[in-house]
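Please consider the structure shown below.

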Amino acid sequence: MEHLTSRFYRDVFLYLPINKKDKFMIRFLTAGESHGKALVTIVEGFPSNITISSEDINHQLKRRQSGYGRSARMKIESDSVQILSGIRFGKTLGSPISFLIENKDWTNWQEVLDIEKSAGSIKKITIPRPGHADLVGVFKYNFDDIRNSIERSSARETAARVAAGSVARNFLAHFGIHIGSYVESVGGIYSTQDYFNQFLQNKTSLGKNGWDISIKADKSVLRVLDKSQEKKIINKINSVKKNGDSLGGTFITIATGVPVGLGSFMHYDRKLDADIAFHLTSINAVKGVEIGNGFLSAEQYGSQVHDEFMNDGKSFSRKTNHSGGIEGGISTGLPIIIRAAMKPISTLAKPLNSIDLSSMKKVVSRYERSDFTAVPSCAVIAESMLAWVLAKHFLIKFGGDSLEETTDNFISYTKKSFSRIRKGFRK
Ligand SMILES: Cc1cc2nc3c(=O)[nH]c(=O)nc-3n(C[C@H](O)[C@H](O)[C@H](O)COP(=O)(O)O)c2cc1C
């Protein structure tokens with residue numbers, strides 16, 4: 001009896017947590033304060049032999065920093081990654097990869113963010129900005145200086161995420177999966193061309209490769225695809241700068257080449273659409289995510305929304321892609337199309353009402369050097385997060401300790417299981 005009990009515990013506690021799916025779970029951690037010495041990223045779980053260079057990562061970091069409407073800090077910071085571990089001769093080793101990105105602005109903040117000395121005469125920040133993490137941080141962490149809330153809640157941390165996302169991108173590119181994005185609107189100014197709807201109709205004029213869409217968008221200072229729209233938005237940002245206000249907007253993130261079968265309907269936390277929504281809303285100031293035609297589908301007939309199947313004997317596809325490439329929590333094989341909304345920047349040069357926590361008197365909020373809008377950067381960060389979540393589900397499905405092993409598993413799936421279904425159940 002005792003023997004059986006101990007076997008039961010061994011099975012439950014030893015085997016259940018080492019589920020096959022979890023073994024291939026990639027993860028990353030970031031550390032670092034906005035004006036601290038550096039940002040650090042640790043990436044874990046990728047197979048060996050993925051090609052990655054600091055040049056690849058720096059290119060993505062530069063894209064994150066660009067965009068009309070950003071603050072003067074972007075002129076101080078010119079992000080550059082140092083790869084500390086996990087890569088040898090340009091390829092992943094399978095060991096944890098660590099990155100360091102120095103904050104150039106730190107030299108101006110050494111005293112304010114000193115690690116060991118006491119605060120001394122450093123002035124505490126006592127006036128919270130509405131819309132930022134200032135006040136909630138004070139309540140939750142029992143801070144007596146809002147600086148402590150500001151430093152970690154700042155979107156500076158997303159540079160570390162972009163470094164992690166670069167590994168995911170290179171991994172996915174090996175399998176023909178490419179991620180791109182463009183800014184759809186800023187301050188309610190849209191293009192006259194509905195590029196998003198073209199994707200949903202499976203008739204995009206922007207090309208079949210997600211990254212090509214980013215290359216097109218990167219030519220614009222606002223990452224929009226339409227020159228006349230760009231002009232109108234620049235004018236709006238200029239007037240917002242004069243008025244001390246800020247703007248948000250919407251952006252589209254696309255992944256092409258994603259095979260059928262990533263994600264699962266077997267359990268809520270394995271659904272691809274749910275995981276994408278989580279990863280995108282984890283980005284600072286992102287307040288809404290739509291998969292495919294999202295909210296619009298709530299107003300339409302079923303016959304307008306659902307994507308009819310087609311089979312020409314060679315390939316199995318869908319007429320349209322209103323589902324945005326995901327059905328039942330699983331990728332359909334069509335491009336994954338996500339729209340997300342970023343709220344306007346919280347720090348306003350013409351501040352909103354606030355309370356001074358030292359006197360509890362009504363005051364206007366503080367101003368600290370800030371972006372006026374950051375939608376172009378946000379779209380680049382979203383690319384990284386989408387790359388990350390797709391790489392995670394790709395590895396859950398195909399596993400592998402080396403890129404070669406993952407490739408073999410992938411080919412076996414696409415060539416064997418997949419083509420079996422294509423022929424029909426009876427064959
Ligand atoms: C790329 C990027 C840059 C941002 N820059 C600023 C900024 O300069 N000033 C600011 O107040 N908020 C900025 N934000 C938004 C804040 O980080 C965000 O509003 C804050 O962390 C509170 O989180 P929440 O908006 O998700 O509630 C930025 C966000 C992103 C994604």
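Methionine 360 is exposed in this predicted model, and its relative accessible area is 58%. Because the cut-off for an exposed residue is over 50%, methionine 360 at 58% falls in that class. The residue is located in the loop that runs between strand 16 (353-356) and strand 17 (361-364). Its backbone deserves attention: methionine 360 is not a glycine, yet its phi is positive, near 60°. Most residues other than glycine have a negative phi.

A second residue of this kind is asparagine 142. Its phi is positive, at about 55°, although asparagine 142 is not a glycine. Where in the chain does asparagine 142 lie? The residue belongs to the loop between helix 5 and helix 6, and its position is just after helix 5. Asparagine 142 is exposed as well, with a relative accessible area of 68%.

Which of its residues are buried? They are Asp134, Gly137 and Val138. Viewed down the axis of helix 5, the buried residues fall within an arc of 100°, and therefore they line one face of the helix. The face turned away from the buried side of helix 5 carries Val136, Phe139 and Lys140, which are exposed. As for the cover over the buried residues of helix 5, it includes helix 6 (147-153).

Two packed helices are described by the angle between their axes and the distance between the axes. For helix 3 (residues 54-65) and helix 9 (residues 210-218), the angle is about 50° and the axes are 12 Å apart. Angles under 35 degrees would count as roughly parallel and those from 65 to 115 as roughly perpendicular; helix 3 and helix 9 are therefore oblique to each other. Their crossing is left-handed. Helix 3 contributes His59, Gln60 and Arg63 to the contact, while helix 9 contributes Trp211, Ser214 and Asp218. Sorted by class, the residues in this contact comprise 1 nonpolar, 3 polar and 2 charged.

Notes:
Residues are numbered from 1 along each chain as its sequence is written. This is a predicted model: local features need pLDDT of at least 70, side-chain atom pairs count only at pLDDT 80 or more; totals for chains, interfaces and linings use all residues. Side-chain values use heavy atoms; hydrogens and water are left out. Buried means under 20% relative accessible area, exposed over 50%, partly exposed in between (1.4 Å probe, protein chains only). Helices (H or I, at least four residues) and strands (E, at least two) are DSSP runs, numbered from the N terminus. The arc is that of the directions from the helix axis to the C-beta atoms. Contact means heavy atoms within 4.5 Å. Axes are lines fitted to C-alpha atoms, for helices over the stretch in contact, and angles run from 0 to 180 degrees between N-to-C directions. Angles under 35 degrees count as roughly parallel, over 145 as roughly antiparallel, 65 to 115 as roughly perpendicular and the rest as oblique. A crossing is left-handed if the near helix is turned anticlockwise from the far one by less than a right angle, and right-handed if clockwise. Ala, Val, Leu, Ile, Met, Phe, Trp, Tyr, Cys and Pro count as nonpolar, Asp, Glu, Lys and Arg as charged, and the others, Gly among them, as polar.
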